[in-house]
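Hi,

Here is the model I promised to pass on. Have a look at it first, and my notes follow below.

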Amino acid sequence: MPIKITHKSLFFSLLTVTISISISHHTFAQVFGGEQNPLRVDWRQINHRGFQIIYPTELEKEAQRMANTIGHIYPIEAASLGLRKTTLPILFQNRGVVANGFVALAPKRSEFNATPPQNFDSQDWLNNLAVHELRHAAQYDKLTNKTAIPLVEEIYFAWMGASIPLWFFEGDAVTTETALTKSGRGRQPSWIMPYRTLLLEGKNPSYSKSNFGSNNDIAPGYYQLGYLMTANIRKSFGAAVFDSLLTDIRKRPLRLYPFSGSLKKLTGNTSKEWFEKTQADLKTQWQQQAHETPWADYPLLHKIATYATDYFLPQRLPDGSILALKQSMAETAHFVTIDSNQKEKRLFGIGYQEQAWYSYANGKIVWDEIRYDPRFRQRSYSVICVYDFRTGKSRKLQPRSRLFSPALSADGTKVIAVQIDLSNQAALVELDVASGDIIHTYPNPQNLMLQSPSFHADGNRITYIGLSEKGKSIWTAAKNLPATQVLTETRQQINRPQFTHDGIAFNAHYSGLDNIYYLDLTSGEISALSEAKYGAFNTSFSKNSDELLFNNYGLQGHTIASTPYLPKKIADNNFVFFGEAAVTQENNPDIFATVPDSIFVSRPYKKFGNLLQFHSISPVIENEYVGGLQLKSNNLLNTVDIYTGANYHRDLSRFEYQAGISLKSFYPIINLSYENRPVRTFYTSNKVRTQGDWRENQVKLNAQVPLNLQSRDDFYNFAFTIGTSLNKRYMPENLPANFTRSLNFPMEYRFTFSHGKRQATRDVAPKWSQIFRVKYFNQPFDQKLAGELFSIENFFYTPGVAKNHSFLVNFNYQQVTGVHRFSTAINRVYGYNNILARTALKNTLLFNYRFPIAFPDAELGPLAYLKDLRATLFCHYENFGIENNVYEPKTYGFELRSNTNLLRYDVNVDFGGRMVFVNKLYRQNPILELIFNYSF
């Protein structure tokens, strides 16, 4: 039985992506820095205390403020790591609406996505980004010794990703942001609520499950796990423990588990042992909190889910059913209705949201979605969509808007929403639902960041959240009247204020748990409307009823519950604050209290004058025979990539030299590359097989136009590429006289169209997707080497017989002539490398049925953490209807695979095996292929 191992080529640079998740500030994590802004964006810069702040001109005011802030706070928050100075470029991005931030190497820089989210902490967004991300900068400086060795940033980055768990990077940063400010996520009960719920419900998640997540349950996550563990370690060993830890790791870098080994040396416990100790402490303290805090039991208004499922923002419809925004491990976000018999009806799916949000009134639903620019994906929009139950149709109110948290008036004719412009100034705007036009703008003279507005039942008044560095406050406003602050600034995590009775209901955590509270506008008194055990959110009031619908958080997520409108006294605050020791150690509870207010000289940042940013000489391993070194440059705006290097061909005992540049500023992406390489071939002359060698210079040029469109939960992608090359061959050895010495401008054309839908966590493949791909190569300028290659590939995914199953039909066709007659441009049947071909390849017809078997969340000691087990059944045809009129498949069989984290490292490994059975005409034994892929 032949055995084959399939794997991805091990390019060293790919390892650097590991760290991308650890430094992503927001939960919408992504491989950072991969997109561009439109070319017309004008950039400026401020240089102060080692920081180069680069920003669009619209952010001049914010950049001046943050130049003061960043220069002031870095020495304070880096002090516990023994640092006071750094050098760091920081890019402020303002064209996008997805809140995020990161620090990275290769090249060293940070990026702040300046547009604030609607559901964040009770402090200024950019201030929080600064205090969090600058701690990452200090971590990197400590580990790299401020990159004393030039051109090794990528190596450092890869080593950090392989050596240090993500929970430490993020946990230490969250501990720092919490200790040095009056806010911080460590002070938010809702942020650690999932972990608390698990432990109090008798679930004890493993170290791996807590860190790497689950496809079944809501796991704590490495942010929360990291905060609790780092805070606990600091409590036991002081503020300087991580200075010693990172120093020891830097001094002894080449170990299997450098982080856990150094942690054991300094504290007496490994990472796993600290997890067990911390989890035991958490359970004890949270049980005590639960004993001291009164809570009520609220029955479910829907069927119990078997895996993590959220029913967000429940609202009662006129017919008595409940409308909710549902999402789960098995399904992406979509609207459902639930009748009195708890029977669900799916309405339609929606696109990506930073937070679950919608509003219903008078037969209409409005919600906001993130939409990206078709080409320049640093630019994105938050658009308001409206669905009308009467017509069954949906539409956008404004196609390229920056509108957030829309809410309908009671008659469904108006929408109130937050608008944030490119200078980060917020306003409340009222829109006409019929036309989408803005009909009124409410003034914001205090320059507050605004959140979650809503209408009064009369449609003439609004209430909303105002946010500043002082905290969150509740306001009311009416047209042509000054806004009124009805609740002064507080560090409570206030959200979703709504008029009801004679006051305003809202979310907060006065009792140390998130619940629904009521503000009496006459007396100013605050009372509690819910007493949830773990957390209550997203209240709505039924018309002409005192029923309060809300999200009651439980083991499987946000459920739907109800309670009568009965204001009660607020329970005592029994919040368990795990960051208290770090606050005492830092002895600076408000790092922003004394920020200076200087005015700095700013000057233009020239887009075309800063194209080179050489940062790394990195090893490249293409295969077992070819490897070398590559010098890389990526400019800070990510518009130009440059590389040059040399590889050694071990089998040929010769070097290859290469260089390339990618220009990404323009609408087409332009790629130019050069290679000087050795080539070896074998040919038959006079019935004698002869080896021939030569060198060649090859220049390649291509232009690519990628376009991406969205419509709710549908995605459409178009890509067109045209390219050519020039190849000159020289130094021939043992080659015939008619050896071709040049290949003059062969042409290459590629077109791809794809359509797909959002995929759920449990989906093993797309359920509804189509891909159409065309390739055409020819030699129009060199008739001596005439030949063509034409290929078409079609992929059609449909749902399988059960949830999260997927069926793929893939038909491929190619026609090759002349110099391309031995080329392959289409998918082959599984096992083709071990099967002797009978005829030239013309087409393939591939059927794959993929499905999950189990989601075990199994921790196999320190060896592996198995997230899933999935299978594929396949039946593959080659030269269908051509090869001897054989309509039996060429190969068929099955494969078993699993997504796994090995040895408690953050790299996700997809491994398994494939058993391939071959048509009897080929007289081939079954083939076993071993599969090993990895991702970050």
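Which residue forms a salt bridge with arginine 316? The partner is glutamate 547, and the closest N and O atoms are 2.6 Å apart. The two sit in distant parts of the chain: arginine 316 in strand β7 (residues 309-316) and glutamate 547 in strand β28 (residues 547-554), 231 residues apart. By salt bridge I mean a side-chain nitrogen of Lys or Arg within 4 Å of a carboxyl oxygen of Asp or Glu. Strands here are DSSP runs of E with at least two residues, helices are runs of H or I with at least four, and both are numbered from the N terminus. Glutamate 547 counts as buried at 18% relative accessibility, while arginine 316 counts as partly exposed at 29%. Buried is under 20% relative accessible area, exposed is over 50%, and partly exposed is in between (1.4 Å probe, protein chains only).

Before the rest, some housekeeping. This is a predicted model, so local features need pLDDT of at least 70 and side-chain atom pairs count only at pLDDT 80 or more, whereas totals for chains, interfaces and linings use all residues. Residues are numbered from 1 along each chain as its sequence is written, and side-chain values use heavy atoms, with hydrogens and water left out.

Back to the charges. A search of the whole structure finds 48 salt bridges. One of them joins arginine 44 and glutamate 60 (3.9 Å, N to O). That pair also links distant parts of the chain, with arginine 44 in strand β2 (residues 43-48) and glutamate 60 in helix α2 (residues 60-77), 16 residues apart. Another brings together the side chains of glutamate 748 and arginine 750 at 2.4 Å, N to O. Glutamate 748 is partly exposed at 27%, and arginine 750 is partly exposed at 31%. There is also a network of salt bridges linking Asp868, Arg870, Glu895, Arg897, Asp910, Arg914 and Glu929.

Next, asparagine 804, in the loop between β40 (788-799) and β41 (806-816). This residue is buried, with a relative accessible area of 4%. Its side chain makes a polar contact with the side chain of aspartate 763 at 2.7 Å. A polar contact is a pair of N or O atoms within 3.5 Å; within protein, one must be able to donate a hydrogen and the other to accept it, and residues adjacent in sequence count only if both atoms are side-chain atoms.

Most residues other than glycine have a negative phi, and most peptide bonds are trans. Asparagine 424 has a positive phi of about 70°, and lies in the loop between β16 (414-420) and β17 (426-432). Asparagine 447 has phi near 55°, in the loop between β18 (438-442) and β19 (449-455). Asparagine 424 is buried at 6%, whereas asparagine 447 is partly exposed at 36%. The peptide bond from alanine 106 to proline 107 is cis, with omega near -5°, and proline 107 lies in the loop between β5 (101-104) and β6 (109-113).

Last, helix α8 (residues 222-237). Why call α8 largely enclosed by the rest of the structure? Because 13 of its 16 residues are buried. Just after α8, glycine 238 takes a positive phi of about 90°.

Cheers
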